[in-house]
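Please read each one alongside the sequence and the coordinates.

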Amino acid sequence: IGEVLTELGIPESKFAATCVLVDKLEKLPLDAVQSDLEELGLSREVVEKLTSVLTNNSVDDIAKVLGDDSAAVKQLKELFALCE
């Protein structure tokens with residue numbers, strides 16, 4: 001997740017708070033978590049990209065958000081290739 005946060009431009013000073021909030025995605029409605037992330041100071045665009053990545057089950061869908069050049073996407077593809 002650190003790679004994703006970095007690629008989205010989330011400052012390291014907000015990593016811990018962001019992780020605490022995204023951990024709540026399974027427990028709270030998406031819009032509530034998005035609102036909390038915005039209150040943390042993240043832009044709406046970054047919040048939407050972050051929650052899109054974290055709620056996707058497909059590497060291809062994640063690549064659509066982060067781009068194929070994303071280090072996070074490359075790492076996920078390598079991981080899944082090793083599992084085959």
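1. Helical spacing in α4. E45 and K49 lie four places apart in helix α4, which covers residues 44-55, so about one helical turn separates them. The model is a predicted one, and in it these two residues form a salt bridge whose closest N and O atoms are 3.4 Å apart. K49 is classed as partly exposed because its relative accessibility is 33%.

2. Other charged pairs. The structure holds six salt bridges. In one of them, the side chains of D23 and K27 meet with an N to O distance of 3.3 Å. D23 has 49% relative accessibility and therefore counts as partly exposed, whereas K27, with a relative accessible area of 60%, is exposed. Side chains of opposite charge can pair when their charged atoms come close.

3. D68 counts as exposed because its relative accessibility is 52%; K77, at 39%, counts as partly exposed. Salt bridges with shared partners also bring E38, R44 and E48 into one network.

4. Cysteines. How many disulfides does the structure hold? The number is zero.

5. Helix α6 and its cap. Helix α6 runs over residues 71-83 and has 13 residues. From its first C-alpha to its last it reaches 19 Å, close to the 18 Å expected at 1.5 Å a residue. The N-terminal end of α6 is capped by S70, which places a side-chain oxygen 3.2 Å from the backbone nitrogen of A72.

6. Nonpolar core. The largest nonpolar core has 21 residues. V4, L8, I10, L37, L50, L66 and V73 are the residues with the most contacts inside this core. At least two core residues come from each of α1 (2-7), α2 (15-22), α3 (30-39), α4, α5 (59-66) and α6. In soluble globular proteins, nonpolar side chains tend to be buried together. With residues up to four places away in sequence not counted, V73 touches V59, I62, A63, L66 and G67.

7. Is T18 buried or exposed? T18 counts as buried because its relative accessibility is 0%, the cut-off for that class being under 20%. T18 belongs to helix α2. Apart from its neighbours within four places in sequence, T18 is in contact with L5, I10, L37, L40, L42 and L50.

8. The loop between α4 and α5. S58 is located in this loop. A polar atom of the S58 side chain lies 3.2 Å from the backbone nitrogen of D60. S58 is classed as partly exposed because its relative accessible area is 23%, which falls between the cut-offs of 20% and 50%.

Note on methods. Residues numbered from 1 in each chain as written. Predicted model: local features only at pLDDT ≥ 70, side-chain atom pairs only at ≥ 80, totals over all residues. Heavy atoms only, no water. Disulfide = S-S within 2.5 Å. Salt bridge = Lys/Arg side-chain N within 4 Å of Asp/Glu carboxyl O. Buried < 20%, exposed > 50% of the residue type's maximum accessible area, 1.4 Å probe, protein only. Expected span 1.5 Å × (residues − 1). Polar contact = N/O pair within 3.5 Å; in protein donor to acceptor, adjacent residues only side chain to side chain. Core = buried A, V, L, I, M, F, W, Y, C linked by side-chain atoms within 4.5 Å. Contact = heavy atoms within 4.5 Å.
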